[in-house]
Amino acid sequence: MREVSLSVLLLTLSICSVALCQDFPPYTEDCRNNTYPPSVSPVETFVLNLDISPEARWSPLIKQKAPAIEALIEDIIDLIAPFLKNVSKGVDFIDELFAPLADTFPEPYKSEVHGIAGTSGLPIGQVVLYNVFYEVFPFCTSIVAEDSSGKLYHARNLDFGLFLGWDIHNKSWALTERLRPLIVNVDYQVRGQTVAKAVHFAGYLGVLTGVRPDVFTLSMNARSNLDGGYLGLLEWVLGDHNGKWMGYELRDALMKYNSYDEAVHSLSTVEFLAPGYLILGGNRTGQGAIITRDRKSTADIKRMKGTDDSWYLVQTNYDNWKPAPFFDDRRTPATKCMNRVTREDVGLPGLFDVLSTKPVLNLLTTYTALMEVQGGHLETYIRHCPQPCWPW
């Protein structure tokens, strides 16, 4: 495990608290232009054959990515090791605590988790921990936009790894670096036909970013709340299984809902284990929404109208009716850059420019995904924020 320290970051934050350092160069910049297409290639695509048994369908990808998954899980265990008196016994405790949860997952996730453990050789408790991790930690920026002809686009940065191992020498988040090699697009197919596409970290079975071709797009951003995901996880461990795992429920939504309205209704009424922001785009003018979720109810739904004064939505990790905190205001630069793009010129290149502008792009950013509902287009790029860059 690389050297970890938060003291430097905390000192920096305390010094910058008055100066609002995120708002000044070099941590921010004018809206970027002509960043698309990037010099790197899109991530690879794995075809997931849903006609194969759940235990076996992920095996080719897991065989390829097993060393990277194992390295990531080792980092996660290293991060919690300081809180354990005996690391070896602590690892055994993790396996004992999380392994039984595998059999409480709904199908096909129960069988898929067992299949991944069998293929990778990892203890099933660690595979479960890896899947649970994403319910409580992702920080992101999501944008839904409609151009002047009524065409809809959806794009997002996925930021992950805050306070999970700061590498002093490389000025990067250790866990974020571990995640990048695991990023893959997944093409869900039934009888050789695509039914959905999603971006995955190999081994994680839920969906945080995805598209049902010609129907709707979706993404999930984390939301901090006192009634948070940790409480939902505790309830699940104690036997209360009424709440849904958000990543699994979003994947199910891509599989079964045949309209944007159906997806919005279901995702705004179901009970979840964790709070979050669900960002959806449809296939007709005005179909865009941010669903602000508490665990058991919906706090708010903000809708795009498809008019010249309401043609896009921007969501980060804070309630959109409240000011963003000074130390993590990605909303303001994203909004400024969207207004500069204009409705007439918005498209995948313009959205990529917005998501490439610091601090919307930051050291936590693992990937940028670009989606177009028409035809189910999805392209994803691994991202690195050039120094100097804001840590989140």
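The dialogue below goes from the overall fold to single residue pairs.

A: Begin with the source: this is a predicted model. Then take the overall build before the details.

Q: How many helices and strands are in the protein?

A: The protein has eleven helices and 15 strands.

Q: What does the radius of gyration say about a compact globule?

A: For 392 residues, a compact globule would have a radius of gyration near 21 Å, and the protein has 20 Å, so the two agree. The C-alpha trace spans about 55 × 55 × 40 Å along its principal axes. Burial is another figure to read: 59% of the 392 residues count as buried.

Q: What share of the contacts join residues at least 24 apart?

A: Take contacts between residues at least 6 apart in sequence; 68% of them join residues at least 24 apart.

Q: Now the pairs. How many salt bridges are there?

A: The count comes to 18 salt bridges.

Q: Which residue forms a salt bridge with D159?

A: The partner is R330, with the closest N and O atoms 3.9 Å apart. This pair links distant parts of the chain: D159 is in strand β3 (residues 152–159), while R330 is in the loop between β13 (312–315) and α10 (331–341), 171 residues away.

Q: Is D159 buried or exposed?

A: D159 is buried, because its relative accessible area is 1% and the cut-off for buried is under 20%. R330 is buried too, also with 1%. R330 forms a salt bridge with D328 as well, at 2.8 Å between the closest N and O atoms. D328 counts as buried at 3% relative accessibility.

Q: Where do R223 and D294 lie?

A: Their side chains meet in a salt bridge at 2.6 Å, N to O. R223 lies in the loop between β9 (216–222) and α7 (229–237), and D294 in the loop between β11 (288–293) and β12 (298–303), so the pair ties together parts 71 residues apart in sequence. R223 is buried, at 11% relative accessible area, whereas D294 is partly exposed, at 23%.

Q: Which residues join R223 and D294 in one network?

A: D319 and K322 do, through salt bridges that share partners.

Notes. Residues numbered from 1 in each chain as written. Predicted model: local features only at pLDDT ≥ 70, side-chain atom pairs only at ≥ 80, totals over all residues. Heavy atoms only, no water. Salt bridge = Lys/Arg side-chain N within 4 Å of Asp/Glu carboxyl O. Helix = DSSP H or I, 4+ residues; strand = E, 2+ residues; numbered from the N terminus. Buried < 20%, exposed > 50% of the residue type's maximum accessible area, 1.4 Å probe, protein only. Rg over C-alpha atoms; globule rule 2.2 N^0.38 Å. Contact = heavy atoms within 4.5 Å.
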